[in-house]
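Please read this briefing alongside the sequence and the coordinates.

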Amino acid sequence: MDVVMLSRLQFAAATMFHFLFVPLTLGLSIIVAIMETKYVRTGDETYLSMTKFWGKLFLINFTLGIVTGITLEFQFGTNWSRYSAFMGDIFGSLLAIEATAAFFLESTMIGVWVFGWKKLSKKAHATVMWLVAGASSMSAIWIITANAWMQHPVGYTIRGGRAELTDFAAVVFQKFAVLQFLHTVGSAYILSAFFVMGVSAYHLLKKQHIDLFTRSFKIALVFGLIFSLFVVIEGDMHGVHVTETQPAKLAAMESHWETTRRAPIHLFAIPDEENEKNLIEIGSIPGILSFLGYHDFNAEVKGLRDFPKDERPPVLITSFAFKGMVGLGIYFVIMTIIGVFKRNRLVKSPFYLKIMLISIPLPYLAIELGWVLAEVGRQPWIVYGLMKTKDAVSPIATCQVATTLVSFVLVYGLLGAVGFYLMAKNAKNGPAMD
Amino acid sequence: MVLETVWFLLWGLLWAIFFMTDGFDFGVGTLYPFLGRTETDKRVMINSLGPLWDGNEVWLITAGGVTFAAFPLVYAVMFSSLYSALMLILFALILRGVSFEFRGKVDSPGWRKIWDICIFVGSIVPAVLFGVAFGNIFKGVPIDGEGVYHGTLFTLLNTYGLLTGVLFLLLFLEHGALWLSIKTEGDLHDRAVSTANRVWPVLLVIAVIFLVMSKFSTSLYDNYLAHPALFLIILAMVLALLSTKIFLRKKAYFKAWFSSALTIVAATFYGVAGIYPSLFPSSINPNYSLTAHNASSSPLTLKIMLVVVLIFVPIVIAYQAWSYNLFKGKVTEKDLTY
């Protein structure tokens, strides 16, 4: 393998691992802040126990998110130096703004929250958690804006062999960034809701701390229902915009080879990239892909064959990621709607609770698949239409990257195992009764 | 031109603040296995950093981010050239970060032992390697006109690089020992004070050797001779180092720690002023050096980022100061349950 492939694998490993923790930070911070606010408003000690229990899980997750995020900021320089030199004028400033305007607040306030129980008034302490939650979402805005710029570069000109910023507002307020941000945080909130519901289900099944976990479940259920519906509607808008900006990605999402009207989707299909066709197609529904891309069942959808071979994304991975993500998205809507009907007799619905418990990993899978779709579907470009991934890599030795890739896998593997163990242990232990 | 010079100074300042703040975290982490004799000692030491280290580390992210935004070419060449060293630092920082959080989560001596080792490794490795990296930057790094690095990790481990590594470690050890002198009481406090007293003369000797070696190993003094006013930085560094000892003797630990912070800032600026206008000098040919002028972002980006930094950095300093103030005072045994 060459430096490009190794660096891609390393970046994929590092970002995907990082993104196991980010969504829960984004959503659980809000849920914990809601719980603590309820405690401050009502004085009900159960809300305090809830805050502390979920806060503990939040912190384990938060730490892993922070430490794995730091390596990411530097990997653009270490492994993608050609990219960094070419795009730094725009991309670098977004990362720098993220650190100064958001990440600082998040990191400083989390310390205050953990150690400040006795030093701050109840109200101030709850406010600090809201600051953490707000700052983490602010941080997401800047990071997603940077990624959206790679998906759809705007507000720049090419001068002196690099992209230079010409319109900052165009970069920050572009439609792609707004849609992608809403999609990402929306999914993060679904994940957090399913996490809270799943862990609550575990204790409700065991019939312990019923009051506390019923309340937790219900708060998360509201959150989960709103955002599973939101992400479906918003994802549809996002899809239309992707069609407009990255037509090759749309074609790859449904392994659509030939340019046609009434383009179909297939419930299952295995693409054959060599021969430019699908080996198997099961459950084809005509017109749906046209509708997804253009909101018109008769619209013409450009097929992969009409894109030059070296400008097509890997079809198999892109199409599987898309199907998995969409299927899971629908599952989340169904499960939360069922939850609405069961909400007042949760303890008497062991089957539903069991399903919700084993559903904890599913939003994680959906989110990772979403990122695979976004990033692999953008290939062969690192910045769509502007720079190819193979031209972006650093002039470094293969053995260096091979060594760090192995180290990443080992260190992250161990961290993941320890993190999972601690999360599971603390989640099972339940709230400390004092 | 002015904009680029302003950014050059801000770049130096952000690195200096990072070394000044996270520096005592590195120091405490390195002293941890030696000064933390009992479980209570260890927990007091961790808690003295607990609320602050995370916010301190963000200065690194900001220094890196600002390098990316204001000097993209420097960011690209510096971090790909220093690839292995930087990766070692990052892995070490990961270990340190998770150790603080994970150590107390399982009640078993074996479990704690693992994270104790990680705290030490995760603190001493960045302390030394940041010094090695900056020593090499002061000296010049073998990069060609295309920004390609001609060397390995071991190229960085030259005498001057290692000397700077030792200097950084000692600066952080002194800084950390003084932090513990402020934050602890009893036996631990006495050990911290005595460590600060014992590190200080070694630091003084190494600092003098460093200042002399810089004459022979680097061209830092060219700028000083061209602009003699710059010698005030060296004067400030020496005075700050001396007052550290004076305040330490007077048992004015906060003032001593503050002096040690100033020493670190002055030491950083000593090198930064010497390499100006380069941010990443080439040892192959000075024409290949990446400077504030040939490696900076467009004027528009520099202006936007300047506005962002001038608004947010003072706000950050304000709320971090509030946080430091909130957690001032000694960490005692009864603070250990939270």
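**Helix H3 of chain A**

In H3(A), 30 of the 35 residues are buried, so the helix is largely enclosed by the rest of the structure. This is a predicted model, and the points that follow are grouped by topic.

*Geometry of H3(A)*

- Helix H3 of chain A covers residues 45-79, and at 1.5 Å a residue its 35 residues should span 51 Å, which agrees with the 50 Å that separates its end C-alpha atoms.
- The N-terminal end of H3(A) is capped by Asp44(A), one of whose side-chain oxygens lies 3.0 Å from the backbone nitrogen of Thr46(A).

*Nonpolar surface patch*

- Leu267(A), Phe268(A), Leu279(A), Ile280(A), Ile282(A), Ile285(A), Leu316(A), Ile317(A) and Phe320(A) make a nonpolar surface patch of about 790 Å².
- Strand S3 (265-272), strand S4 (277-285) and helix H11 (315-342) of chain A are the elements that each give two or more residues to this patch, and S4(A) provides the largest share, with four residues.
- Ile282(A) belongs to strand S4 of chain A and is partly exposed, its relative accessible area being 48%.

*Salt bridges in chain A*

- Over all chains, a search of the whole structure finds 19 salt bridges.
- One of them joins the side chains of Glu254(A) and Lys323(A), at 3.5 Å from N to O; the two residues are 69 apart, with Glu254(A) in the loop between helix H9 (247-253) and S3 of chain A and Lys323(A) in helix H11 of chain A.
- Glu254(A) counts as buried, at 3% relative accessibility.
- Arg305(A) and Glu258(A) form another salt bridge, with their closest N and O atoms 3.3 Å apart; this pair links the loop between helix H10 (288-294) and H11 of chain A, which holds Arg305(A), to the loop between H9 and S3 of chain A, which holds Glu258(A), across 47 residues.
- Both partners count as partly exposed, Arg305(A) at 37% relative accessibility and Glu258(A) at 48%.

*Salt bridges in chain B*

- Asp41(B) and Arg191(B) form a salt bridge whose closest N and O atoms are 2.6 Å apart; Asp41(B) lies in helix H2 (residues 39-49) and Arg191(B) in helix H8 (residues 186-217) of chain B, so the pair ties together parts that are 150 residues apart in sequence.
- Asp41(B) counts as buried at 12% relative accessibility, and Arg191(B) likewise counts as buried at 13%.
- Glu39(B), Lys42(B), Arg103(B), Asp107(B), Arg112(B) and Asp116(B) are joined into one network by salt bridges that share partners.

How values were computed: Residues are numbered from 1 along each chain as its sequence is written. Chains are lettered from A and ligands numbered from 1 in the order in which they are written. This is a predicted model: local features need pLDDT of at least 70, side-chain atom pairs count only at pLDDT 80 or more; totals for chains, interfaces and linings use all residues. Side-chain values use heavy atoms; hydrogens and water are left out. The expected span of a helix is 1.5 Å times one less than its number of residues. Buried means under 20% relative accessible area, exposed over 50%, partly exposed in between (1.4 Å probe, protein chains only). A polar contact is a pair of N or O atoms within 3.5 Å; within protein, one must be able to donate a hydrogen and the other to accept it, and residues adjacent in sequence count only if both atoms are side-chain atoms. Patches are made of residues with over 30% relative accessible area and no salt bridge: like charges are joined within 9 Å, nonpolar side chains (Val, Leu, Ile, Met, Phe, Trp, Tyr) within 5 Å. Accessible areas come from the Shrake-Rupley method with a 1.4 Å probe; for residues, only the protein chains shown count as cover. A salt bridge is a side-chain nitrogen of Lys or Arg within 4 Å of a carboxyl oxygen of Asp or Glu.
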